[in-house]
Amino acid sequence: CYVECAMVTPSTVIPLQSVFTQCNRLYRMFLEERFLNLAFREEHGEALKSPDVIDRVKNILMNGVVINGLNFYFFVCSGSQLRSKRAIFIHVRDDFVSQKLRAMRQQLIGDSIIVNETKYLSRLGLFCTSDHPACSIKEEDTECLADLLAENGLKLTDGNGKIRRSVAEQVFEACKLGDGASVENTSAIQVRLAGLKGVLTIVDGETDLDFKSRQHHCSILYRESMKKTEWTNSVLCLVKVGKYNRLYLNTQMMTLLISLKDLDGKWNPKPRLESLYRESLEMNARLFTDKFLANTQLALHLHGYSHSTADRIDILSEPYHLSLLRCIYTYNIKNLIRKFHIPVTHGCLLMGIPDPVGVLKDGEVYITYQDPIAEEPLNHRRTGRILVYKNPCLHP
């Protein structure tokens with residue numbers, strides 16, 4: 001869907017061209033409404049840094065903004081929008097602005113009692129996540145499972161429920177996913193359903209003990225930790241499929257690692273992180289001279305790209321592929337500067353789930369994956385030590 005955009009600077013409001021964005025539950029629930037994606041920036045479009053504009057930002061959030069003669073008022077923002085200094089505004093036609101905004105927000109979270117303002121905004125932000133509507137799941141087709149606790153009291157199943165394989169097949173069929181994604185090679189999916197947020201492990205409902213112990217047939221078993229608001233609609237929305245992802249360091253992980261530095265200085269990750277940063281800059285500089293590196297980057301960023309392309313075409317000089325390499329270079333450098341997006345060699349990021357069959361011992365993890373950019377994407381199983389963390393995290 002197309003969403004109107006605008007930019008607010010300390011001195012003016014600049015309307016921008018509408019952009020095509022992946023739809024989410026918020027836009028689908030209010031199809032007749034007019035939304036505005038508003039970004040707060042410095043005068044020349046730079047990231048907001050000066051504390052002098054705080055009063056202007058507060059004024060716009062409280063009283064709204066006028067674009068082409070229409071009044072837009074702050075409605076909601078997600079976590080990612082908050083970090084990038086953006087928010088979603090909505091056009092309200094009648095005079096009862098506060099009453100209408102309150103009624104629309106009530107449609108999203110129902111009768112949930114949320115006394116903390118930060119959590120209230122976070123719960124509304126759940127409806128801004130880009131997703132794919134899949135199928136309808138009635139509330140009576142779901143049941144709640146208690147979370148399993150570790151010896152130290154931490155929730156082992158935090159945000160992780162179960163879904164019948166037959167229902168998961170309906171989800172994949174409805175969403176028509178590419179990249180070779182199927183129920184056969186997927187162990188879990190990230191979803192949104194009414195007030196539920198989390199990951200669902202795909203299991204065989206006929207053999208899974210939790211499903212077999214239910215008194216009636218149900219499609220989904222969700223954990224108490226997954227329920228964020230009351231039940232408001234019945235459309236199951238797919239956010240992400242569990243698959244192989246390239247591993248990158250980011251600002252949060254680097255800050256965490258540096259904070260774990262030994263007091264006696266024997267283990268200090270800062271020099272190594274600085275070295276990785278320089279290596280990443282040098283790697284991107286070789287993108288236009290190293291044919292093997294260029295071929296790997298094209299395979300990483302382009303769905304369906306064949307490694308054999310480099311055998312038929314000089315990708316370092318052919319105009320089309322050269323333009324693609326320039327785009328990849330710009331993308332990598334921007335992420336490196338803004339987010340410290342440093343690639344980790346021989347690493348991958350996977351979606352973790354609790355052991356659904358109970359065969360793993362304490363401290364064990366089973367990992368199998370397919371590298372999508374490898375010339376022969378075979379199944380890989382890894383042994384050794386791994387890092388398990390939750391994002392955002394305070395400690396691995």
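**View 1. Asn37, a buried residue in strand S3.** With a relative accessible area of 16%, Asn37 is buried. That figure falls below the 20% mark, so Asn37 goes in the buried class. Asn37 is part of strand S3. Setting aside neighbours within four places in sequence, Asn37 is in contact with Val3, Glu4, Cys5 and Ala6, and also with Gln81, Arg86 and Ala87. As with the other views here, this is a close-up of a predicted model.

**View 2. Phe30 meets Phe75 edge-to-face.** Here the two rings form an aromatic pair, 6.3 Å from centre to centre and with 85 degrees between their planes. Why does this pair tie together parts that are 45 residues apart in sequence? Phe30 lies in the loop between helix H1 (25–29) and strand S3 (35–40), while Phe75 is in strand S5 (residues 70–76), so the pair bridges that gap. Both Phe30 and Phe75 are buried. For the whole model, the count comes to 7 aromatic pairs.

**View 3. Helices H10 and H12 crossing.** Helix H10 (residues 291–301) packs against helix H12 (residues 319–339), with axes 10 Å apart and an angle of about 75 degrees. The two helices are therefore roughly perpendicular to each other. Which residues make the contact? From H10 come Ala294, Gln297, Leu298 and His301. H12 brings His321, Leu324, Leu325, Ile328, Tyr331 and Asn332. Sort the contact residues of H10 with H12 by type and you get 6 nonpolar, 4 polar and no charged.

**View 4. Lys228 in the loop between S12 and S13.** Lys228 is found between strand S12 (220–223) and strand S13 (235–241). Is Lys228 buried or partly exposed? It is partly exposed, with a relative accessible area of 27%. Not counting residues up to four places away in sequence, Lys228 touches Arg123, Leu126, Gly195 and Lys197. Gly198 is 30 residues from Lys228 along the chain, and their C-alpha atoms are separated by 9.9 Å.

**View 5. Asn268 in the loop between H8 and H9.** The loop holding Asn268 runs between helix H8 (251–259) and helix H9 (270–285). Asn268 counts as partly exposed, at 35% relative accessibility. Ile258 is 10 residues away from Asn268 in sequence, and C-alpha to C-alpha the two are 7.1 Å apart.

View 6. Most residues other than glycine have a negative phi. Lys85 is not a glycine, yet has a positive phi of about 60 degrees. You'll find Lys85 in the loop between helix H3 (79–83) and strand S6 (86–91). Its relative accessible area is 37%, which makes Lys85 partly exposed. Ala194 also has a positive phi, near 50 degrees. This residue is in the loop between strand S10 (188–193) and strand S11 (196–203). Ala194 is buried, with a relative accessible area of 2%.

How values were computed
Residues are numbered from 1 along each chain as its sequence is written. This is a predicted model: local features need pLDDT of at least 70, side-chain atom pairs count only at pLDDT 80 or more; totals for chains, interfaces and linings use all residues. Side-chain values use heavy atoms; hydrogens and water are left out. Rings of Phe, Tyr and Trp (its six-membered ring) pair if their centres lie within 6.5 Å; planes under 30 degrees apart count as stacked, over 60 as edge-to-face and the rest as tilted. Helices (H or I, at least four residues) and strands (E, at least two) are DSSP runs, numbered from the N terminus. Buried means under 20% relative accessible area, exposed over 50%, partly exposed in between (1.4 Å probe, protein chains only). Axes are lines fitted to C-alpha atoms, for helices over the stretch in contact, and angles run from 0 to 180 degrees between N-to-C directions. Angles under 35 degrees count as roughly parallel, over 145 as roughly antiparallel, 65 to 115 as roughly perpendicular and the rest as oblique. Contact means heavy atoms within 4.5 Å. Ala, Val, Leu, Ile, Met, Phe, Trp, Tyr, Cys and Pro count as nonpolar, Asp, Glu, Lys and Arg as charged, and the others, Gly among them, as polar.
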